[in-house]
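These are my notes on one protein chain. I wrote down what I looked up, entry by entry.

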Amino acid sequence: MNDLTRCLYEFLLERRMGSLWENADYRACISAVVSQEEQLKSSLGRDQQDQLDHLLDYIQEQGCIEREHQFQAALDLLKELNALVRV
């Protein structure tokens, strides 16, 4: 992502995605994830908890990369559609 695209992406996250927290399904999903994580961690030793934390960090990073890629793909598609409309 170039600087302009990153700025647009960050704007989208900060200003337009806030309504996601109002979504009951999303809140229920987050709650279930947190509960499951706490339950799993309570049965693990300290080293295993650290490994789980690292795994979850990598999964979150993977998700971020995928969402950035989807955002870029959506922008590219918008450019293509805009070019078609102008013709």
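**Entry 1: a term to settle.** I call a residue buried when its relative accessible area is under 20%, exposed when the value is over 50%, and partly exposed in between. I also note that the model is predicted.

Entry 2: I looked up Trp-21 and found a relative accessible area of 52%. The cut-off for exposed is over 50%, so Trp-21 counts as exposed. For Tyr-26 I read 27% relative accessibility, which makes this residue partly exposed.

I then searched the whole structure for aromatic pairs and got two. In one of them, the ring centres of Trp-21 and Tyr-26 are 5.3 Å apart and the ring planes stand at 80°. Planes over 60 degrees apart count as edge-to-face, so I filed the pair of Trp-21 and Tyr-26 under that heading.

**Entry 3: the elements.** How many helices and strands does the protein chain have? I counted three helices and zero strands. Read from the N terminus, the order is α-α-α.

I checked the radius of gyration next and got 18 Å, while the globule rule gives 12 Å for 87 residues. The value is well over the rule, so I describe the protein chain as more spread out than a compact globule. The box that the C-alpha atoms fill, taken along the principal axes, is roughly 60 × 30 × 20 Å.

**Entry 4: surface and charge.** I looked up the buried share and found 8% of the 87 residues. The protein chain exposes about 7,600 Å², and 56% of that area comes from carbon and sulfur atoms. I also noted 9 positive and 16 negative charges, with mean positions 8 Å apart.

**Entry 5: Gln-49.** The side chain of Gln-49 reaches the backbone oxygen of Leu-44 at 3.2 Å.

**Entry 6: Leu-8.** I found Leu-8 in helix α1, residues 3-16. Leu-8 has a relative accessible area of 41%, so I listed this residue as partly exposed. I then took the separation of Leu-8 from Phe-71, which is 63 residues away along the chain. Between the C-alpha atoms of Leu-8 and Phe-71 I read 9.8 Å.

Technical notes: Residues are numbered from 1 along each chain as its sequence is written. This is a predicted model: local features need pLDDT of at least 70, side-chain atom pairs count only at pLDDT 80 or more; totals for chains, interfaces and linings use all residues. Side-chain values use heavy atoms; hydrogens and water are left out. Helices (H or I, at least four residues) and strands (E, at least two) are DSSP runs, numbered from the N terminus. The radius of gyration is taken over C-alpha atoms; the globule rule is 2.2 Å times the number of residues to the power 0.38. Buried means under 20% relative accessible area, exposed over 50%, partly exposed in between (1.4 Å probe, protein chains only). Accessible areas come from the Shrake-Rupley method with a 1.4 Å probe; for residues, only the protein chains shown count as cover. Lys and Arg count as positive and Asp and Glu as negative; His and the chain ends are not counted. The place of a charge is taken as NZ of Lys, CZ of Arg, CG of Asp or CD of Glu. Rings of Phe, Tyr and Trp (its six-membered ring) pair if their centres lie within 6.5 Å; planes under 30 degrees apart count as stacked, over 60 as edge-to-face and the rest as tilted. A polar contact is a pair of N or O atoms within 3.5 Å; within protein, one must be able to donate a hydrogen and the other to accept it, and residues adjacent in sequence count only if both atoms are side-chain atoms.
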